[in-house]
Amino acid sequence: QSLILSQALLTDYTLPHSMPFSAVSYQCEEDRIKLLVNINFWGQSLLTPASLSFGNCVPTLVDLVNGLVLFDYLLLDCAAVRVVTRTEIVYSNFLTYVPSQGIAQTFALPVVCSYSKPKDWVLPIKVPATGTLTGEGRMEFSMHIMNEDFTTPSKTKFFFLGAPINIEATVKTGFHQPTWLFIEECIAASSQALEKSSINHTIITNHGCFSDGKTSDSKYLSRTINGGLRLTLQAFKFADFNTEIYIHCWLTIWDPSLPASATRKACSFNQQMERWQLLDNPSQSSLCTCCDAVCKAAGTRQKRESEGEAGLVHTVVLGPFQVQSQESRVGS
């Protein structure tokens with residue numbers, strides 16, 4: 001149902017950030033973002049408000065009289081991505097338009113809010129979603145840095161810059177129902193307790209998109225074990241060399257009878273083909289195209305998604321390990 005904005009409220013949205021033709025304006029507040037869209041976006045045919053989304057959120061208000069659409073949400077709502085550095089906290093998302101018909105062009109516009117990081121700021125712990133699978137028994141999740149051929153856990157915790165770091169995640173169940181393991185998200189941090197980390201770096205995000213692979217040789221590897229997932233991570237400089245690194249991951253298991261989807265996938269970036277590729281069925285790699293925007297389940301536009309809504313999610317922490325400079329190879 002469309003709701004009409006009052007003229008007084010519209011006056012509050014004379015904002016400094018603007019796209020061409022004043023099409024999109026947004027205001028970054030202390031804990032939320034307010035984004036206003038003029039549906040005469042291209043100065044041609046009107047945009048359809050129902051085809052607009054901010055991340056995975058629908059418009060808060062629609063004013064058809066003035067041709068305006070409002071999104072008003074908390075900074076971490078709508079599947080936003082938060083990146084923390086030593087000095088800044090940055091929240092990023094996309095305003096997307098996917099028309100259901102007609103000749104209007106699909107687009108995704110980045111929206112970014114940056115803040116100075118308070119000295120006493122700590123990262124809140126992400127509470128994993130829960131779910132159920134049919135069957136009884138105990139599930140044991142594990143994640144290890146492995147040797148070159150994945151036969152045993154690695155004995156070394158030191159890696160030279162650019163070297164591959166082999167990682168294996170597994171789940172063992174006490175019942176016979178088969179399971180399919182995915183990684184929702186992985187964040188590298190400088191401490192074992194994520195909320196105390198002074199700096200972090202996103203490795204996997206957006207429901208299984210291996211974002212680190214866009215600028216490195218990091219990728220998922222072919223599945224060889226049931227209930228497991230293997231990947232190789234190219235050792236990167238994190239803060240200073242020799243800093244202890246912990247990788248915080250959210251693993252999710254699904255019934256393997258369910259088909260792959262935008263929120264149930266493992267996608268690597270193929271450097272040679274310059275496109276995303278689905279691990280388990282490359283012919284369905286179109287499911288990975290959302291990795292450059294926001295991945296959401298089909299048919300959930302009118303309902304806010306929760307991560308792991310139909311799966312079971314478990315948090316693991318891998319580490320510590322250290323990355324050393326190539327120069328340190330001399331005499332080592």
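Colleague: Let's start with handedness: is the link of cysteine 28 and cysteine 113 left-handed or right-handed?

Modeller: Good place to begin, and please keep in mind that this is a predicted model. In general, a disulfide is a covalent bond between the sulfur atoms of two cysteines. Here the torsion about the S-S bond joining cysteine 28 and cysteine 113 is -80°, and the link is left-handed. Their sulfurs sit 2.0 Å apart.

Colleague: Which parts of the chain does the pair of cysteine 28 and cysteine 113 tie together?

Modeller: Cysteine 28 belongs to strand 2 (residues 24–28) and cysteine 113 to strand 9 (residues 107–116), so the bond ties together parts that are 85 residues apart in sequence.

Colleague: And is cysteine 28 buried or partly exposed?

Modeller: For burial we look at relative accessible area, and buried means under 20%. Cysteine 28 has 28% relative accessibility, which makes it partly exposed.

Colleague: Could we take another one? Where do cysteine 267 and cysteine 288 lie?

Modeller: Cysteine 267 is in strand 18 (residues 267–270), while cysteine 288 is in the loop between strand 19 (275–278) and strand 20 (312–324). The two are 21 residues apart, and the pair links distant parts of the chain. Their disulfide has an S to S distance of 2.1 Å. With -80° about the S-S bond, this link is left-handed. Both cysteine 267 and cysteine 288 are buried.

Colleague: What is the handedness of the disulfide of cysteine 290 and cysteine 295?

Modeller: Its torsion about the S-S bond is about 95°, so this disulfide is right-handed. The sulfur atoms of cysteine 290 and cysteine 295 are 2.1 Å apart. As for burial, cysteine 290 counts as buried at 14% relative accessibility, and cysteine 295 does too at 1%.

Conventions: Residues numbered from 1 in each chain as written. Predicted model: local features only at pLDDT ≥ 70, side-chain atom pairs only at ≥ 80, totals over all residues. Heavy atoms only, no water. Disulfide = S-S within 2.5 Å. Helix = DSSP H or I, 4+ residues; strand = E, 2+ residues; numbered from the N terminus. Buried < 20%, exposed > 50% of the residue type's maximum accessible area, 1.4 Å probe, protein only.
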